[in-house]
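Let's go through how a few labels get assigned here. Have a look at the sequence and model first.

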Amino acid sequence: MGKLERTSPFRLSSLLRLQKDPKLAFQLFLNPNPNDPNSSSKPFRYSLLSYDLIICKLGRAKMFNEMEKIIEKLRNDTRIMPKEVIFCNIISFYGRARLHRKAHQMFDEIPSFRCQRTIKSVNTLLNSLLMCGKFDEMTEVIRGIEKYACPDVYTYNILINACCVIGNLDNAWGVFDEMRRRGLQPNVVTFGTLIHGLCANSELDEAFKLKEIMERDFRMTPNAFVYVALIKQLCKCNEVDSAIKLKEEMLQKKVGLDSAVYATLISALFKADRKDDVFGLLEEMRMNGCKTDIVTYNAMIHGYCLQKDFGSALGILKEMEEKGCKPDVISYNVIIGGLCMDGKIKEANELFEDMPRRKCLPDIITYRTLFDGLCGGMLFKEAAFILDEMVFKNYLPRSSSVCKLVEGITQAGDTELLRMVSSSLAKGKFTDVTTWRMMVSMVYKKDNLSIISFLDTLREGKDDCVSSSTL
């Protein structure tokens, strides 16, 4: 029998890079040589690259318990001198998962890994806290920032963005002015963030003035982010022609046009009842090599539903499938919502039932939309069955629709159906006290004897439903 070939640190890095399953990658990292009887007696010499690869795989998969085991292993591996970028990645993973305390803890522990903190990790922490909406903690970090390094342009961009998110444009301008006083040159992101903030606060004129300053005084060409913010706000204000002119400017300046720009314009044209102009945009997309994707198709579906042209909306679904662009749950939700609003509940229900065959599973929005439509259309028996299915999938309905359902069933005097609905709500741990009180009250008013059997139904599932004291 030939000599068993051991996995080298270099080979492990290659295997980790190729392994798509993060769980298998984690097992591989912990035991690189599972068939070697001497592997436990000879500690494996991991490379920095291997640590980086496995941490990124686990962080992207939100396998934080496993990632933290690797982090602790890295802390104790004194041969390795980790680079700051590894910890920046970890802080970002926590930030995206809205785990701000863990992000801050990782930042505080960086020195224990034989690594010095710089403005890079400070900026990463600030951005993670921003994603988590922890503005007070951002302020605390800024107060102690001089312990690590001087703020750079990226620091100020994050702070400007934070001010814009909370709608405090005066503070955003104050941060911008301080940045200039420190001799830091604003970049395209700085202007883009301010312009986006101005648009979000409906200060369109100021946004265009800043775009002019950006081009004239700073000799910077606006990027797609700037143009998209302006185009979206113009469309929101029903200034479609101005939005189209801005799109033409993007073409002239060779700023990359993506499907999001076209989708925004398509939605605005439908809203302005200019459906014929949409086809010209689609042809332009094709000529410019911009592929019609799910975003564009969904914009068209939404537009047709606004016009109550459901035949064309369903035709878009067929076109998507023919062109290899699989409709997503949003595509179906828009049509089902449009049909329900137009009183076409039967057609909405048929499309809902056809979704699994089309290899697209309904989500909580789909169920709630259909349930609302069935209740509004007084199709209470069908609504009760959908409610039972929602509970099975751990989806809770809106209280207003449940009230409408209970009221309709009670007025119809269908005690058996009401018992079924109350049982479903109890199983789903539906805890809206007002709804339960209304249900009991309605049953009592209708027939003060049936209240006994009604409460018996609830007691059968007392482990899953609200307590009798609540009722």
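Q: Which residues does F371 touch, leaving out those up to four places away in sequence?
A: F371 touches A383, I386, L387, M390, P397, S401, V402 and L405, where contact means heavy atoms within 4.5 Å. Keep in mind that this is a predicted model, where local features need pLDDT of at least 70, side-chain atom pairs count only at pLDDT 80 or more, and totals for chains, interfaces and linings use all residues. Residues are numbered from 1 along each chain as its sequence is written, and side-chain values use heavy atoms, with hydrogens and water left out.

Q: Why is S121 called buried?
A: Buried means under 20% relative accessible area (1.4 Å probe, protein chains only). S121 comes in at 0%, so it counts as buried.

Q: What makes the S121 and E84 side chains a polar contact?
A: The cut-off is a pair of N or O atoms within 3.5 Å, one able to donate a hydrogen and the other to accept it. These two side chains sit at 2.6 Å, a polar contact.

Q: Why is the F270 and Y304 pair called edge-to-face?
A: Rings of Phe, Tyr and Trp (its six-membered ring) pair if their centres lie within 6.5 Å, and planes over 60 degrees apart count as edge-to-face. Here the centres are 5.0 Å apart and the planes at 65°, so edge-to-face it is. The two residues are 34 apart in the chain, and both F270 and Y304 are buried.

Q: How do you know that the charged end of R117 sits over the ring of F107?
A: For Arg, CZ has to be within 6 Å of the ring centre and within 35 degrees of the ring normal. R117 has its charged end 4.9 Å from the centre of the F107 ring, and sits over it.

Note on methods:
Buried means under 20% relative accessible area, exposed over 50%, partly exposed in between (1.4 Å probe, protein chains only). Rings of Phe, Tyr and Trp (its six-membered ring) pair if their centres lie within 6.5 Å; planes under 30 degrees apart count as stacked, over 60 as edge-to-face and the rest as tilted. Helices (H or I, at least four residues) and strands (E, at least two) are DSSP runs, numbered from the N terminus.
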